[in-house]
Amino acid sequence: MLVFIWGLVVSVESLILILLLVAFYIVGERKILSYIQLRKGPNKVGVIGLLQSFADFVKLLSKCKFGEFSFRSWFSLIGCMILVSCSVSLVVIYTLINSNVWGNWTLLYFLVLSSLLGYSTLLIGWCSWSKYSLISSIRVSFSSVMFEMVFMCVVILFGLSYNGYGNPYISSILMFIAPLVFIIWLLVLLSENNRTPCDYVESESELVSGISVEYSSVLFLVIFACEYLIMFIFSWISFIIFLSINEILIVMCLVLFVMMRGSFPRLRFDIFVSLIWEYCIVIILVYLMCLFSLL
Amino acid sequence: LGFCFLGLLFFSLGLFLLFTLWLVWLDLLGYNSFRESQSVYECGFDSKDVSRFPFSFRFFLIVILFVILDVELCFVLQMPFELFYFMYGNRLYYLYFIVLLVFGVWLEYFNGLLVWK
């Protein structure tokens with residue numbers, strides 16, 4: 001019983017700290033993107049704009065609220081619930097792995113949660129009665145399905161090398177065993193987190209704000225915060241699976257996401273699909289076969 | 001097992017969190033709502049209907065391919081647990097299975113099913 005209370009307290013603390021990181025990461029992203037574009041980002045609110053996220057938070061909470069379901073079905077709330085539950089469970093697993101508590105199938109929990117996240121974006125987009133959100137939710141769930149494929153292969157590669165799916169911290173040389181897989185994994189991670197060059201959620205306002213077009217104040221905040229939280233957790237797990245170092249590489253990975261957003265245009269959707277299915281899956285399956293036959 | 005329990009606990013906590021957020025949000029209602037903000041984001045007309053989406057064959061086909069590969073990989077997921085106890089007889093069958101998996105992907109590639117077009 002005491003173990004549960006300890007776990008709860010530690011997870012809540014970790015969730016608060018990650019949300020704080022998300023707040024400052026949003027400001028950091030806006031400032032880095034703006035300096036790439038030779039302008040200053042938000043620099044009026046805090047010292048040099050550092051409190052911008054908190055100002056946005058207060059603004060979003062006090063925006064006008066609509067209780068009717070005339071532009072969005074009630075079913076969309078279930079999508080938001082799934083999103084929140086999955087991201088909170090991801091934070092729980094993050095906390096427990098960092099506290100050296102792990103079981104035989106720790107990585108498989110990650111796989112399950114990433115699959116459930118695909119449902120959430122599908123529901124959120126489909127249940128809004130707007131064609132923009134429908135189009136973007138179909139595209140996003142499709143790319144999330146492809147991410148799941150690659151993630152499953154990576155988990156199997158990890159399992160073959162390290163005798164099970166337990167503690168991911170023991171994996172220190174997987175990147176050197178399978179370097180191409182790491183490059184493919186970074187590309188697919190971009191598509192899962194809906195970052196340019198694979199952002200099909202809103203396509204930089206091609207589909208006007210994508211799946212969250214009919215969501216105002218609180219739910220929009222929830223969707224937005226969960227997206228960045230998932231980005232943090234997945235960049236952590238990717239550097240834990242491949243190398244065994246964490247803190248500085250997570251920050252580098254997050255900055256890398258921002259720099260890629262500022263540097264590359266979006267991949268055309270059919271090019272993206274054929275890239276993943278014709279090249280990446282083939283490479284990963286060849287690695288799987290080689291690793292199996294070597295053991 | 002405690003791990004599992006904690007996960008479920010936090011799952012439900014997340015649900016409860018979102019539910020209370022929603023209740024708080026509904027509670028602070030009372031702002032006047034304009035007619036435009038009550039309809040779907042579209043310019044020039046009011047649509048009362050749910051937007052329809054024509055069925056796209058390409059999405060469906062590639063998702064079916066994903067499902068097949070997913071199920072095959074679920075069988076392969078068991079492999080690391082047996083591998084380190086020197087699976088004698090099973091090793092050949094695993095090899096056959098993985099070869100069949102890769103052969104299936106190669107066939108799909110060869111028939112041009114993986115391309116979007």
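Of the 295 residues of chain A, 57% count as buried, where buried means under 20% relative accessible area, with a 1.4 Å probe and protein chains only. This is a predicted model, in which local features need pLDDT of at least 70, side-chain atom pairs count only at pLDDT 80 or more, and totals for chains, interfaces and linings use all residues. Residues are numbered from 1 along each chain as its sequence is written, and chains are lettered from A in the order in which they are written.

**Overall form**

- Chain A has ten helices and zero strands; helices are DSSP runs of H or I with at least four residues, and strands are runs of E with at least two.
- The radius of gyration of chain A, taken over C-alpha atoms, is 19 Å, close to the 19 Å given by the globule rule for 295 residues, so the chain is as compact as a globular protein of that length. The globule rule is 2.2 Å times the number of residues to the power 0.38.
- Along the principal axes, the C-alpha atoms of chain A fill a box of roughly 60 × 50 × 45 Å.

**Helix α5(A)**

- Helix α5 of chain A covers residues 131-162, and its 32 residues should span 46 Å at 1.5 Å a residue, which agrees with the 46 Å between its end C-alpha atoms. The expected span is 1.5 Å times one less than the number of residues.
- In α5(A), 26 of the 32 residues are buried, so this helix is largely enclosed by the rest of the structure.
- A:N163 follows α5(A) and has a positive phi, near 60°.

**Contacts**

- Among contacts (heavy atoms within 4.5 Å) in chain A between residues at least 6 apart in sequence, 78% join residues at least 24 apart.

Note on methods
Side-chain values use heavy atoms; hydrogens and water are left out. Buried means under 20% relative accessible area, exposed over 50%, partly exposed in between (1.4 Å probe, protein chains only).
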